[in-house]
Every structure is written in structure tokens, then in C-alpha cells.
Amino acid sequence: MLDFLKSPILAMQDFFALAGRAFLNILRRPHYADDVFIQMDIIGVGSLPIVVLIGFFSGAVMALQMSRALSTYGATGQIGTITAITLVRELGPVLTALLVAGRNASGIASELGSMKVTEQIDAMRALGTDPVQKLVTPRLIATAVMLPLLTVIADFVGLFGGYCVACLLLNLLTPTQYWTTSYRAIEYNDLSQGLLKPFCFAIIIALVGCFYGMRTTGGTQGVGRATTQAVVVASIWVFVVNFVITRVYVNL
Amino acid sequence: MAGQSNECILRFDGVSVRFDETPALDGLSFSMRAGETRVILGAAGSGKTVLLKAALGLIRPTEGTVSVFGDDITRRTEREMFGLRSRIGMLFQEGGLFDSLTIEENVAYPLVNQQRARRLSPEQIRERVEESLRFVELERTLDKFPSELSGGMRRRVGIARAAVTEPPLVLFDSPTAGLDPITANTIIALIVKERDVKNMTTALVTHRYQDGTLLANFRYNPESGQLEPLGRNGNAASRTTTFMVMREGRLVFEGTQGQLEASRDPYISKFARQSSE
Ligand SMILES: Nc1ncnc2c1ncn2[C@@H]1O[C@H](COP(=O)(O)OP(=O)(O)OP(=O)(O)O)[C@@H](O)[C@H]1O
Ligand SMILES: [Mg+2]
């Protein structure tokens, strides 16, 4: 009767086994520093243009929406505060994570998936390297380092987008007002939340991508399936974990 | 060869491998001695690849034990297995060449990563790689990537990589699948050459009975550089070739070529008759 639960539970178990090994390997030799840097370049530098673009427009659109809502209360002076808080707490981390999930969870899953179906993963094990050590751990480290950085950049660019709308487009307040109010709005609590989130999302994205890549079966078709699954599952978990972290912080 | 041939290199004892309901291997038992050649035949999906991977410890048996070089590997951890795997070469059915690395890096990979050969200098590694590629007549492709080679050339690179550490046991998974008859014979000739020059125990999975015939009845003559039929020069039976036929995860035949050809079982004799078609 509980048969339909069996496969997701087994998959969860495999996932946590992979996660455990990936984390343990951070401390173990050999370390593949080259692979970490290559992945940082692909994940971090490669995602930068699109993160900047999306960050700018989400900050700008936030300011546009708020300008209307706030003007009904005659509180347009608060526009910097609101833009800053929403960006740092929610929009920056979540949007960046979703972008990186779409770009890199899929990239990781398809790369590892093709390696799996052409028996390169088996060959690695046969020739004396641990594929988790060589493939998963570098991707985990690279994503965990780069995603928080990308988020910080997205936050700043988003604030700049808000500035462009509030000060240059709508002329609601002076630049000094905008930047001081937004600077004052950010508290320690917001910053820690805004950095903890991308760090957790990074772990999800890297591990989900690797997990689906490593268990690909069924030729090239299987690679396509693994890629899609990785993006969908990583995005869902980003939202779930985002809710959990926010819930914890709201109670603090 | 007499003293060596008693040593049991690979032994399967009631090995079963189950992925889901239907077993991929079902109570398989056999053993291989040093110096022997083993030809494994069987229909697609009969478990030949799973068998080779279980011998390497890449797939863990659900039941039974696998012993390699006299050690039970069934309960070893992945890390403990690395030392053992460096004594076994394998050519993978799908190639298994790393497509982000050049041919040179691919062939050097076991030399760089396997513990047994750790202490080689870069020059020594390059020398070994070149020698190994010269052996399969591909010494001019060092800087190419696997995607730039033809299917037959990739197989040869795979053979070079499997044999570069000169392991005592080499497993070849369908080295001739999907190749034209001429290239296929070249590949088998290379395998015979590797086997006889480096004195390796060889297991070969194939769909083509001719491959088995070549391995069983020919030897490499280092003077002429050609294959010659066994039995000349008083060399008869210096090597034994055993044939195995797999069916749905079970071993349905194990014996010499003569016994295989004499078999009346319709499934088994299909594999032996291929050559006369
Ligand atoms: N990783 C795996 N997961 C699930 N099932 C598998 C896996 N590997 C093999 N199988 C199943 O095990 C059986 C034996 O497969 P195997 O690859 O050994 O066949 P084979 O004899 O090598 O066939 P071929 O000649 O086509 O290469 C098949 O039914 C296959 O579906
Ligand atoms: Mg196979």
C-alpha cells in the first residue's frame, strides 16, 4: 500500500548520502582546486551579466510599483527603505537563486548526465578517482562561494535600479535621501538573512544538479530528463527553504 | 607458465545483482586463472556488462561474493577498492573516454591518479603514454580530443588507456560492437598483441563469435609483428581460452571452443554458428 512512497523516500536517502559524501570530501584529500576555480568561473563569472540585468530591472520595477502605492499615503520618501528591504531579504536571494538554478543546475545535471551515460563516471571510479570528490565537491564549493557574491551584486544593482526610477525617472526624492534611507533601512538581521539564504540555495542547486546528473539512465533522452528534473526540483526547494528561513527570521 | 596458471585471479561465487524485480545477474559462479583468456558471449541485456563491472567493484552484488586476486571485494569500501582497481584495466562499452581531456591526458589518467603508479615523473608518464599509443598505432593523435576521432580510433585509445599501467587483468567490454569487419579485426588483433606481449589475463565480451575464434586460435609473433595460428613452433596450448555464454543473467555454458561448437542447445549454438554464416 505504501509502495508509492518507496521510491521518493529511497531517492531522498540517496540524495542525503550524496550530500554527506560531498561535504565530507571538503575535508579530505585529494583536493581538486583547479576544478573548483573552473566551476567558479562557469557559475560565478558566467552568470554575472544576466544577474546584473535581472537585478537592475527587479529593483526598478519594485520602485515603480512602490511609488504608486506609497504616493496614496504621501510616503514616497520611504521608497528607498522599501526597495532596500525587499531586495536584500527576498528578491535578491530568490531571483538570483532561480536564475542560477535555471542556468547551472541544468548545466551540472546535463554535464554529469552525459558523463554517466557514456560511462565516464564508471571510468573515473575504475581509474582511481572518486567522482564525488572530483565532480560534486568542486561544484558544491564553487556554487556556495559564488551565489552569495552574485546575490550581493544583484542587491546593489537592484538598489541602483530603484535609484534610477525614484530619482531620475520620477523625481520623487533626492539621491542623498534615497541612498541614506535605504542604507539605514538595512539591519544586521536583514544582512545575515540575505546572505544565509543564497548560501543554502547554493547547496541545494549544486547538490540537486549533481544528484540528478549522477543517477541519469537511458541514454541521451535520459540526460534531457535529468536536466529538466534538476531545474524543477531545485527551484521548488529554493522556495520551500526560503519560506522556512523567512519563518525563522520573522520569529526572531 | 605452469606455476602461474594455478593462481585464481577472478572468482564469482553465487553472485546475483538486482536493480529491480528481474535480476541482471542470477547466481553466477565461475573462476578465471592467471594467463587464461575468457570470451563472454550472450544476447543483449544478458548481463555481460554488469558482470565486468561487478568484477571491478563498480557494481555491488546483492548476493554472493566476488574475489579478485584472492581477496573478497564484496564488503570493501569504495576507497579500499582503488588499490585493487589499479591492477585491472577496463575498456568500457560506451568508451568512457573523458571528453574534456585530450587523448594524451586520457591515457595518462590512470598513471596520474592510480596509487600504484603515483611516483612517476611527467617525462616518464609522457613516455609511457606515447609507448602505449604507439602500441595501438595512434601516436599522432596526442593533442586531439576524443570527439575528433572516429569510433574505431576511440576504441583503440580506450585499449591504450586500459593497458597503459600494464595491469595483470584486463576486461574488454564489446570492443568490436558497431565497427566494420576490417576495423573489428584490427581491434581484436591489437587485443591479442597486448595480451601476448604484456602477458595479461584477458576477459572479452563480444557479440561476434569470430572475435573469440581469433583470441582462441591465434598468437602474436613478436618477430614478424603479425598474428599467427597457435600450434606452430611447438607453442600449442600455452594459453587456454574458455568460452562463456550468458542468458538472462545466468551462465548457460562454460567450456572450450570445441565443446561450444558441439553444443546442441539452440541458444548456445546460435553463438557458435555465427561464424559460418
Ligand atoms: N544501472 C542499471 N540500472 C538498472 N538496470 C540496469 C543497470 N545496468 C544494467 N541494467 C539491466 O541489467 C540487465 C543486463 O544489462 P547489461 O548491460 O549487463 O547487458 P549486456 O549483456 O551488456 O547487453 P549488451 O550486449 O546490449 O551490452 C539489463 O536488463 C539492464 O536493463
Ligand atoms: Mg553491455
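## Two contacts: between domains and between chains

Between domain 1 and domain 2 of chain B there are zero salt bridges. The model is predicted. Between chain A and chain B, the count is three salt bridges. The points below take the contact inside chain B, then the contact between the chains.

**Domains of chain B**

- Domain 1 of chain B puts 23 residues into the contact, and domain 2 of chain B puts in 15 residues.

**Contact between the domains of chain B**

- About 1,600 Å² is buried between domain 1 and domain 2 of chain B, and carbon and sulfur atoms give 65% of that area.
- Three residue pairs are in polar contact between domain 1 and domain 2 of chain B, counting pairs with both residues at pLDDT 80 or more.
- On the side of domain 1 of chain B that touches domain 2, the elements giving two or more residues are helix 2 (78-85), strand 7 (169-173) and helix 6 (181-198) of chain B.
- Helix 6 of chain B gives the largest share of that side of domain 1, with eight residues.
- Sorted by class, that side of domain 1 of chain B holds 13 nonpolar, five polar and five charged residues.

**Contact between chain A and chain B**

- Chain A brings 19 residues to the contact and chain B brings 22 residues.
- The area buried between chain A and chain B is about 1,800 Å², with 51% of it from carbon and sulfur atoms.
- Within chain A, the residues that lose the most area to chain B are A:Glu119, A:Arg125 and A:Leu127, which together account for 38% of what that side buries.
- A:Glu119 also forms a salt bridge with B:Lys53 through their side chains, at 2.8 Å from N to O.
- Ten residue pairs are in polar contact across the interface of chain A and chain B, with both residues at pLDDT 80 or more.

**The chain A side**

- Helix 4 (120-126) and helix 5 (131-169) of chain A each supply at least two residues of the side that touches chain B.
- Helix 4 of chain A gives the most to that side, with six residues.
- The side of chain A that touches chain B divides into six nonpolar, six polar and seven charged residues.

Technical notes: Residues numbered from 1 in each chain as written. Chains lettered and ligands numbered in written order. Predicted model: local features only at pLDDT ≥ 70, side-chain atom pairs only at ≥ 80, totals over all residues. Heavy atoms only, no water. Contact = heavy atoms within 4.5 Å. Buried area = accessible area lost by both parts, 1.4 Å probe. Salt bridge = Lys/Arg side-chain N within 4 Å of Asp/Glu carboxyl O. Polar contact = N/O pair within 3.5 Å; in protein donor to acceptor, adjacent residues only side chain to side chain. Helix = DSSP H or I, 4+ residues; strand = E, 2+ residues; numbered from the N terminus. Nonpolar A, V, L, I, M, F, W, Y, C, P; charged D, E, K, R; others polar.
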